Amino acid sequence: MQALISGITGTALLVDGDRFSWLRAGESAEPAIANPAYVRQFVSRAMDAFAIENASVESIRTHLDAAWVASGIVSSVLIALNPDEIAETRRLACEDLDDSLDDPLAVEFAERQLLSTELPKDYALPTTHAGNSSVFCKRLFDLQPSIVATISAFNRISSSNFKHNDIDFRDNFLATAIREGLMRLMVLCHSGEQRKGQVHFRVDQMQSLKAISGYRRLTVEWLSGIGLDL
């Protein structure tokens, strides 16, 4: 069974042969039949959707719940670091983070988004809260140079490596790399938290990425751009 999972919508679209069904995060109900209207609605709303292959319903449910928690982690981080928010709101966001960072899968999913773009220059660590949220946010700040370097390396990939120099093809590759976690791995490789071999191991498991023509050549040049030649 295959599935598309969206943390933003808190739903998963399951595909089993020619049958479509759906699950909602945080519920234990069996998958419900998805009619064509629901499929169209899911595709239009689930801009963060990523794919998993050959998965059981329970595995899909685990990934869905983690993606749902991850969407909350992202929101809480952006509130906690935003100096325009009042101190009490930032404190409450930190408390929510403390309650959400125990799930490694949810943290990984959140990092796929958080490590794909540079934080605004005026964002700052909250000074009135300690705990897991403080450690997590501090690490996010420490990774900013690697995020900038990874984005710059992608922008330097030769246009000739993208199909017909097509900007839509380039944007689709980047969006897929973010959703599937490739960009997160690139950032962590640049920072030294991951080895480049892990990128090549994981990239072959990213089905949506593998569907893109020349994905491996693009990945190799991207790695080279952050100083990690093969």
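**Exercises on aromatic rings**

Phe50 and Phe109 are both buried (under 20% relative accessible area with a 1.4 Å probe, counting protein chains only; over 50% is exposed, and values in between are partly exposed). The model is predicted, with local features requiring pLDDT of at least 70 and side-chain atom pairs pLDDT 80 or more, while totals for chains, interfaces and linings use all residues. Residues are numbered from 1 along each chain as its sequence is written, and side-chain values use heavy atoms, leaving out hydrogens and water.

**Exercise 1.** Determine how many aromatic pairs the structure holds, and classify the pair of Phe50 and Phe109.

*Solution.*
1. Rings of Phe, Tyr and Trp (its six-membered ring) pair if their centres lie within 6.5 Å; planes under 30 degrees apart are stacked, over 60 edge-to-face, and the rest tilted.
2. There are 5 aromatic pairs in the structure.
3. For Phe50 and Phe109, the ring centres are 4.8 Å apart and the planes stand at 50°, so this pair is tilted.
4. Phe50 belongs to strand S5 (residues 50-52) and Phe109 to helix H4 (residues 104-114), so the pair ties together parts 59 residues apart in sequence. Helices (H or I, at least four residues) and strands (E, at least two) are DSSP runs, numbered from the N terminus.

**Exercise 2.** Classify the pair of Phe173 and Trp222, and locate both residues.

*Solution.*
1. With 6.3 Å centre to centre and 55° between the planes, Phe173 and Trp222 form a tilted pair.
2. Phe173 lies in helix H7 (residues 167-180) and Trp222 in helix H11 (residues 215-225), so parts 49 residues apart in sequence are tied together.
3. Phe173 and Trp222 are both buried.
4. Together with Phe154, Phe173 and Trp222 form one aromatic cluster.
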